[in-house]
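Thanks for making the time this morning.

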Amino acid sequence: DAAEILIDKAKTYQITPILFPEHPQRGNSEEGKRVHEIHMGIADVQKSCVAPIGLTWDKVILTEPQLALHSSDGNHASLLGKLLTAYVFYEVITGESADSLPFIEEIAVAESTQQFLKQFASETIQAYPPCAFDS
């Protein structure tokens, strides 16, 4: 209820709300999807965008489980996890493909890994459009 009220209030200022269903905790293969579905339920009631963060993490973890997306506590994001989340937000906010972003050598992540993360961000957004409404 509180999220729906906040979204409604934001829309009075012509803001497009973007809901952020967090990434799953390490070892919880159901959490990303479950949290995404909760947010989609909110968006059905109070139209807003839903960034598919958890779904993107799930795909990356399933495909490349050796990538350390979590910090040592298993809950918070590592540098790789933060970068993956940032790529999803970049595409949701700008509408531009994260997959087409250039390599950023100042980020201590290999070019091939950056490209892999960008590709999965873009693929997930293609499969789960974040803003499925007209206005």
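I will start with the model itself, then turn to the helix and its packing.

This is a predicted model, in which local features need pLDDT of at least 70 and side-chain atom pairs count only at pLDDT 80 or more, while totals for chains, interfaces and linings use all residues. Residues are numbered from 1 along each chain as its sequence is written, and side-chain values use heavy atoms, with hydrogens and water left out.

Helix H4, residues 79-94, has 16 residues and reaches 22 Å from its first C-alpha to its last, close to the 22 Å expected at 1.5 Å a residue, where the expected span is 1.5 Å times one less than the number of residues. Helices here are DSSP runs of H or I with at least four residues, and strands are runs of E with at least two, numbered from the N terminus.

At the start of H4, a side-chain oxygen of Ser78 comes to within 3.3 Å of the backbone nitrogen of Leu80, and just after the helix Gly95 takes a positive phi of about 80°.

Among the buried residues of H4 are Leu83, Leu84, Tyr87 and Val88, buried meaning under 20% relative accessible area with a 1.4 Å probe and protein chains only. Their cover includes strand S1 (18-19), helix H3 (53-63) and helix H5 (111-127).

In H5 we find Gln114, which has a relative accessible area of 0% and touches, among others, Leu83 and Tyr87, contact being heavy atoms within 4.5 Å.

Note on methods. Buried means under 20% relative accessible area, exposed over 50%, partly exposed in between (1.4 Å probe, protein chains only). A polar contact is a pair of N or O atoms within 3.5 Å; within protein, one must be able to donate a hydrogen and the other to accept it, and residues adjacent in sequence count only if both atoms are side-chain atoms. Lists of a residue's contacts leave out its neighbours within four places in sequence.
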